Amino acid sequence: MAKSSAKGRVAEARKAMYRELVLEAGARVFAEKGYEDAKVEEIAGEAGLSLGTLYTVFRGKAEVFREIHRAADEALLQRAVDGVRGVEDPLEAVVQGVRAYAEYFLENPELLRMHLREGFAWSSADSGAGSGERTKAWRQGMEMLTRACARCIETGVFVSGDPGLFARMMIASQQVQLAHWIEHGMQTSQEAILDDMVAHVRRALARG
């Protein structure tokens, strides 16, 4: 019984490793070629696995694609939540949220390139059309940022306005700045990008 249990744990660990390899490889292939042009064979090859092994953990390209986004959306939201946990100052909460969100994409440029290739506009929920999970993740993130903007308006830190619009403007600006970073070979340091994003928020929305 113990021997059988050990074999089962090994099999599960191997399966988890295969999944991780496929997801990492899939992100690179989708970032490079886009969903339509990417082939399952290319993902398997990039992962260093046989096609048959890939099919033991995923049913096909669509499932790999969905799981990459599901895992990324989950990680991104968690990063944002962790970034603002315990932060009482309204403006600092916005700043830390902006930094946490952008840091995730700066650390995972292949996921950023996937978003850009797909034409997913961060400021518009309609860009998530056709994917209920992605739209849900977008709304959760927007609700959190909108609440933070509302606190800044209520406390007089931000100029008066619609907090939902401010939140959309903020993430649209982030996407433009990150796209510029990608298109220029990712030469600018991550810290410089983050500092510029925070400075932009202050210039655009903060009083005085």
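A pocket, as the word is used here, is an open set of grid points where a 1.4 Å probe fits, with protein on both sides within 12 Å along at least five of seven lines. In this predicted model, the largest pocket holds about 490 Å³ of space.

So what surrounds that space? The lining of the largest pocket counts 26 residues. If you want to find the middle, look for Ala80, Tyr101, Gly141, Met144 and Leu145, which lie nearest the centre. Four helices each put at least two residues into the lining: helix 4 (61-84), helix 5 (90-107), helix 7 (132-154) and helix 8 (163-183). Helix 7 gives the largest share, with ten residues.

How far can you trust the picture? The protein has an average pLDDT of 90, and 94% of the residues reach at least 70. Helix 2 (residues 40-47) has the highest mean among the elements, at 98, while helix 7 has the lowest, at 86. That is the helix with the largest share of the pocket lining.

What is phi of Met186 near? It is near 55°, a positive value in a residue other than glycine. Most residues other than glycine have a negative phi. Met186 counts as partly exposed because its relative accessibility is 38%, which falls between the 20% cut-off for buried and the 50% cut-off for exposed.

Note on methods. Residues numbered from 1 in each chain as written. Predicted model: local features only at pLDDT ≥ 70, side-chain atom pairs only at ≥ 80, totals over all residues. Heavy atoms only, no water. 1 Å grid on protein atoms, 1.4 Å probe; cavity = no way out; pocket = protein on both sides within 12 Å on 5 of 7 lines; lining within 4 Å. Points joined across faces, edges and corners; volume = space filled by probe spheres on them. Buried < 20%, exposed > 50% of the residue type's maximum accessible area, 1.4 Å probe, protein only. pLDDT = per-residue confidence, 0-100.
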